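This report describes one protein chain for a reader who is new to structures. Please look over the sequence and the model before reading on.

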Amino acid sequence: MTATLLNKGHEAKIIDSDVEDYKNDDIYRIIKEYKPEAIIATVSLPTIYNDCSFLQEICHYSSANVIAKTSISYPPILKEILKKSSADFCIYGECDLNIDKIIGGEERKGTAFLSNGKLEIVENSIVADLDKLPLPARNLIPNEKYHYILLGDKTTTMQTSRGCPYPCSYYCAYPLVQGKKWRSRSPEHVLREIEDIVNNYQIKKILFRDATFTLNKKRTHKICDLIIQKNLKIEWWCETRVDCLDSKLMQKMRQAGCQGMNIGVETGDPEILETQAKIGMTLEKLNVIRNIAQKLGLRLHFLLMVGLPKETKKTLYETYKLICALKPESIGITIVTPYPGTQLYTEAKEKGWIKTEDWSMFDGHSPIMRTDNLSFQDLVKAQRMIYRGFSLSCRGPISWIRLRLLDYCFKRWISQERNTS
Ligand code: SF4
């Protein structure tokens with residue numbers, strides 16, 4: 001959005017208060033000095049209350065148009081944002097290419113506003129051709145301050161595609177935010193940005209923030225070929241599904257500087273995997289990919305979740321066993337969050353599984369949804385035991401006795417379920 005504004009002759013400034021460690025007063029001071037005509041500030045679900053009160057404060061400090069930018073399109077939450085923030089309107093859609101018109105009031109697609117207290121949502125229009133996007137305005141951000149734990153310091157992010165067509169949209173917010181239709185930038189367009197990053201900013205580490213980076217294998221091959229041909233010595237990381245990988249592609253990715261991948265595994269239970277979590281992916285395929293990655297020196301970070309509706313203590317044990325057996329380099333376990341707007345949210349509401357609608361707890365870590373089989377405490381306990389199993393199994397024979405003990409405790413916990421039922 002900033003790059004579009006600059007290209008169209010406007011002046012713009014980006015404030016990333018997290019990395020700059022700015023307090024609210026610092027930002028108010030900058031706003032007073034800069035005197036902008038419009039201020040766009042992001043609002044996310046778990047930080048919604050702080051974000052909204054910050055926006056409200058800004059409305060007092062400045063006569064600028066105050067706009068809330070969010071990826072949430074669920075109407076009740078849009079209304080809440082508008083009411084709590086006093087923002088003039090919300091941008092919830094893809095406004096990368098027409099942000100100037102939106103600020104100028106000439107266009108309203110992808111926005112929401114209150115009219116006499118009633119919420120009006122103007123239909124979104126997505127960017128169909130992502131090659132039309134300008135290169136991001138990296139010159140306006142403190143590039144040296146960005147860090148990604150799996151790649152290290154001075155890492156930048158790139159997005160080369162949008163949308164995700166997979167059926168895990170049942171619980172996943174990606175398709176809700178970016179749509180189910182997958183759109184991608186051409187390999188040449190992606191390369192232009194990589195060259196800009198390397199040559200103009202001397203950045204050598206890139207995190208690709210696509211939902212499924214290798215969805216189109218041919219395109220991924222081409223991107224890698226171009227990186228290799230241009231001899232760009234970069235280290236990069238991406239996120240994908242195992243059914244979008246194969247040995248040939250992984251070799252090429254490694255050659256092009258790929259250090260590892262976040263892999264959506266979700267569960268170790270084959271039935272949940274095939275029916276709810278990752279339709280199309282199998283544990284056999286995961287095993288194969290794990291072996292190839294190990295041989296190539298590609299690190300795998302497994303993304304797991306506990307608490308899908310079909311989950312039981314036994315299926316949680318399957319996840320624990322899978323992690324102990326495959327020993328990925330790292331894991332992240334979230335407790336299922338029923339994001340508003342997903343089918344899971346509707347189902348969970350109907351069944352009375354959701355304990356609160358305090359959105360600040362919808363962060364992927366707080367237990368806010370129980371199921372018919374598992375309580376909130378069960379989910380936290382399972383998350384802890386799987387993490388513990390992972391950490392002990394990585395330590396090798398030295399932790400063998402502690403791992404056996406943990407295994408015993410896990411099995412005892414499962415048998416308690418049997419007794420209760
Ligand atoms: S979990 Fe991954 S593959 Fe499934 S819908 Fe979300 S982003 Fe797509």
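How many residues does helix α9 have, and how far does it reach from its first C-alpha to its last? Helix α9 (residues 217-229) has 13 residues and reaches 18 Å, close to the 18 Å expected at 1.5 Å a residue. The expected span is 1.5 Å times one less than the number of residues in the helix. Helices (H or I, at least four residues) and strands (E, at least two) are DSSP runs, numbered from the N terminus.

The model is predicted: local features need pLDDT of at least 70 and side-chain atom pairs count only at pLDDT 80 or more, while totals for chains, interfaces and linings use all residues. Residues are numbered from 1 along each chain as its sequence is written, and side-chain values use heavy atoms, with hydrogens and water left out.

**Helix α9**

At the start of α9, a side-chain oxygen of Asn 216 comes to within 3.0 Å of the backbone nitrogen of Lys 218. After the helix comes Asn 231, with a positive phi near 55°. Buried residues (under 20% relative accessible area, where exposed is over 50% and partly exposed in between; 1.4 Å probe, protein chains only) of α9 include His 221, Cys 224 and Ile 227.

| Element | Residues |
|---|---|
| β9 | 161-162 |
| β10 | 183-184 |
| α8 | 187-201 |
| β12 | 235-240 |
| α10 | 247-255 |

**Domains and cores**

The protein chain is divided into domain 1 (2-121) and domain 2 (130-420), with bounds from an automatic or database domain assignment. Their C-alpha centres lie 30 Å apart. The contact takes 23 residues from domain 1 and 26 residues from domain 2.

A nonpolar core is a set of buried Ala, Val, Leu, Ile, Met, Phe, Trp, Tyr and Cys residues joined through side-chain atoms within 4.5 Å. The largest one has 109 residues, and Trp 236 is one of those with the most contacts inside it. Helix α13 (residues 313-326) gives the largest share of this core, seven residues. Domain 1 and domain 2 both give residues to this core, so it lies between them. Apart from it lies another core, of eight residues, including Leu 5 and Phe 113.

Among the residues that Trp 236 touches are Cys 224 and Ile 227, which are buried residues of α9.

**Cysteines**

With a disulfide taken as a pair of cysteine sulfur atoms within 2.5 Å, the count comes to zero. For Cys 394, the nearest cysteine sulfur, that of Cys 324, is 8.6 Å away. Cys 394 is partly exposed, with a relative accessible area of 43%.

Conventions
Contact means heavy atoms within 4.5 Å. A polar contact is a pair of N or O atoms within 3.5 Å; within protein, one must be able to donate a hydrogen and the other to accept it, and residues adjacent in sequence count only if both atoms are side-chain atoms. Lists of a residue's contacts leave out its neighbours within four places in sequence.
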